[in-house]
Amino acid sequence: MEWRINKGNTECSACVKKFKEEEDYYSALFDENENFTRKDFCADCWKKGTLDNLFSFWKTKMPRQDKPVQKFVNIDLILDIFCRLEGSEETHKRNLRYVLALYLIRKKLFKFKNLQKQEDKEFIVVQYSKEDKEYFVFNPDINEEEIESLTSEMVQLIEYPYMEQSILSNA
Ligand SMILES: [Zn+2]
């Protein structure tokens, strides 16, 4: 499964209208043929859209052109994706869920508890203190490089979109 990175969208995927500065719109991840694709929609198209294979979505706002560009990762969104991936048997999704767990541990949202074996499979057990929940995460035993690449793909796929022009003008 490959991630199709579609970052920095500045127009609606449906009506192709350019987003205006400070316009609210919706970003969504779709699970299509075992690939995640990212699409952005203006509010009108979002309302009337037929959203087959919708996996997760969030509301966002076009930055103002004269403002410095900020990129941030929405932790709640990562948690949402992590929860939605629970139970998936598909290799890439399991790897992804593991990487998201590592990320959430690094961000101190999860606490690593221990490792557990069940029928020759290894799981990391993490604690989400805020809701007093424990999650079992399949340990796919992937190397550092794969973790890095999954992390950067994930971050690029869900990051706050930016306008290429403002990046250039602020450089
Ligand atoms: Zn539209």
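What share of the contacts in the protein with a separation of 6 or more comes from residues 24 or more positions apart? I looked it up, and the share is 60%.

**Entry 1: what I am looking at**
A reminder to myself before going on: this is a predicted model. I checked the confidence next, and the mean pLDDT of the protein is 81, with 82% of its residues reaching 70 or more. Over residues 1–6 the pLDDT is below 50, and this stretch has 15 contacts in the model beyond near neighbours in sequence. Residues 162–171 also have a pLDDT below 50, and here I found 16 contacts beyond near neighbours in sequence. Where pLDDT is low, the predicted coordinates should not be read in detail.

**Entry 2: the overall layout**
I went through the secondary structure and found five helices and seven strands. Walking from the N terminus, I noted the order β-β-β-α-β-α-α-β-β-β-α-α.

**Entry 3: helix α2**
Which residues of helix α2 (residues 75–84) are buried? I noted Ile78, Ile81 and Phe82. Looking down the axis of α2, I see its buried residues fall within an arc of 105°, so they line one face of the helix. Then I asked what covers them, and the cover includes β4 (54–61) and α3.

**Entry 4: helix α3**
That took me to α3 itself, which spans residues 91–106 and has 16 residues. From its first C-alpha to its last the helix reaches 23 Å, close to the 22 Å expected at 1.5 Å a residue. Its buried residues are Lys93, Leu96, Arg97, Tyr98, Val99, Leu100, Ala101, Tyr103 and Leu104; I made a note that a lysine and an arginine are on that list. Just after α3 I stopped at lysine 108, which takes a positive phi of about 65°.

**Entry 5: cysteine 45**
Where does cysteine 45 sit? I found it in helix α1 (residues 43–48). Why does cysteine 45 count as partly exposed? I counted 18 other C-beta atoms within 10 Å of cysteine 45, and a residue needs 20 or more to be buried and 12 or fewer to be exposed, so cysteine 45 falls in between. Leaving aside neighbours within four places in sequence, I see cysteine 45 in contact with Cys12, Ala14 and Cys15. I also checked tyrosine 25, 20 residues away along the chain from cysteine 45, and their C-alpha atoms are separated by 9.5 Å.

Conventions:
Residues numbered from 1 in each chain as written. Predicted model: local features only at pLDDT ≥ 70, side-chain atom pairs only at ≥ 80, totals over all residues. Helix = DSSP H or I, 4+ residues; strand = E, 2+ residues; numbered from the N terminus. Expected span 1.5 Å × (residues − 1). Contact = placed C-beta atoms within 7 Å. Arc of directions from axis to C-beta. pLDDT = per-residue confidence, 0-100.
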